[in-house]
Amino acid sequence: MKNSLLTLLVFALIVPFYGCPPKYIPGTTIVDNDENRAIFILVEKYRRAYDEKDVDTIMSLVSKSYYETGGNSDPHDDYDFEGLKKNLTEKFSKTKAQGLEIRIKSIDFDKENKKVSVKYNYFIKFQMVLSSGDKWETSSDTA
């Protein structure tokens with residue numbers, strides 16, 4: 001009886017320090033908490049809107065101060081929020097079907113600067129409508 005009581009006491013003292021292991025978002029090693037879950041929901045909303053060619057929903061997720069430089073110093077290919085909307089509308093009109101898969105690898109919150117950094121892999125496929133016939137294209141990358 002004395003050993004049982006001692007074991008129970010030791011167990012009661014140790015468990016709070018170790019607790020339960022963290023719960024992860026299914027299919028990832030990312031801790032399932034409110035902040036991370038909100039990012040997953042946002043990314044999924046974007047992915048669905050892309051699949052459905054829903055420009056309005058995508059634009060609702062984009063900052064009004066959006067600006068794309070095209071990754072170069074040539075200002076002729078730069079565009080802002082309205083340019084993005086036009087660009088998406090044009091590109092979506094040239095595809096018959098499309099799909100996007102996004103796998104989030106990590107989420108880092110910089111609360112001091114009010115920023116979130118998301119590392120992810122994506123795989124995109126789309127069927128282009130061409131005068132020579134429909135053609136499937138694919139692309140993937142890490143961002």
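Colleague: Which residue in the turn of the hairpin formed by strand 4 and strand 5 has a positive phi?

Modeller: Happy to start there, keeping in mind that this is a predicted model. Strand 4 and strand 5 form a hairpin, with six residues between them. In that turn, the residue whose phi is positive, at about 125 degrees, is Gly133.

Colleague: Over how many bridges do strand 4 and strand 5 pair?

Modeller: Strand 4 covers residues 115-128 and strand 5 covers residues 135-142. Two of the pairs can be named: Phe123 stands opposite Ser140, and Phe126 has Glu137 as its bridge partner. The two strands pair in the antiparallel sense, and the number of bridges is eight.

Colleague: Which strands stand at the edges of the open sheet, and why is one side of each left without a neighbour?

Modeller: The open sheet has three strands in the order 3-4-5, with antiparallel pairing. Each edge strand has a single partner strand, so one side of each is left without a neighbour in the sheet. The edge positions belong to strand 3 (95-110) and strand 5.

Colleague: What does the twist average from one strand to the next?

Modeller: The sheet in question is the open one with the order 3-4-5. From one strand to the next, its twist averages 15 degrees.

Colleague: At about what angle does helix 2 run to strand 3?

Modeller: Helix 2 spans residues 34-51 and lies across strand 3 and strand 4. Its angle to strand 3 is about 165 degrees.

Colleague: Is Lys114 buried or exposed?

Modeller: Lys114 lies in the loop between strand 3 and strand 4. Its phi is near 55 degrees, a positive value in a residue other than glycine. Most residues other than glycine have a negative phi. The cut-off for exposed is over 50%, and with 76% relative accessibility Lys114 therefore counts as exposed.

Colleague: How does Lys53 count at 28% relative accessibility?

Modeller: Lys53 sits in the loop between helix 2 and helix 3 (55-60). Phi of Lys53 is also positive, near 55 degrees. Buried means under 20% and exposed over 50%, so at 28% Lys53 counts as partly exposed.

Colleague: What share of the accessible surface belongs to carbon and sulfur atoms?

Modeller: Of the 143 residues in the protein, 20% are buried. The accessible surface comes to about 11000 Å², and the share belonging to carbon and sulfur atoms is 56%.

Notes. Residues are numbered from 1 along each chain as its sequence is written. This is a predicted model: local features need pLDDT of at least 70, side-chain atom pairs count only at pLDDT 80 or more; totals for chains, interfaces and linings use all residues. Side-chain values use heavy atoms; hydrogens and water are left out. Two strands pair if DSSP finds at least two bridges between them. Helices (H or I, at least four residues) and strands (E, at least two) are DSSP runs, numbered from the N terminus. Axes are lines fitted to C-alpha atoms, for helices over the stretch in contact, and angles run from 0 to 180 degrees between N-to-C directions. Contact means heavy atoms within 4.5 Å. Buried means under 20% relative accessible area, exposed over 50%, partly exposed in between (1.4 Å probe, protein chains only). Accessible areas come from the Shrake-Rupley method with a 1.4 Å probe; for residues, only the protein chains shown count as cover.
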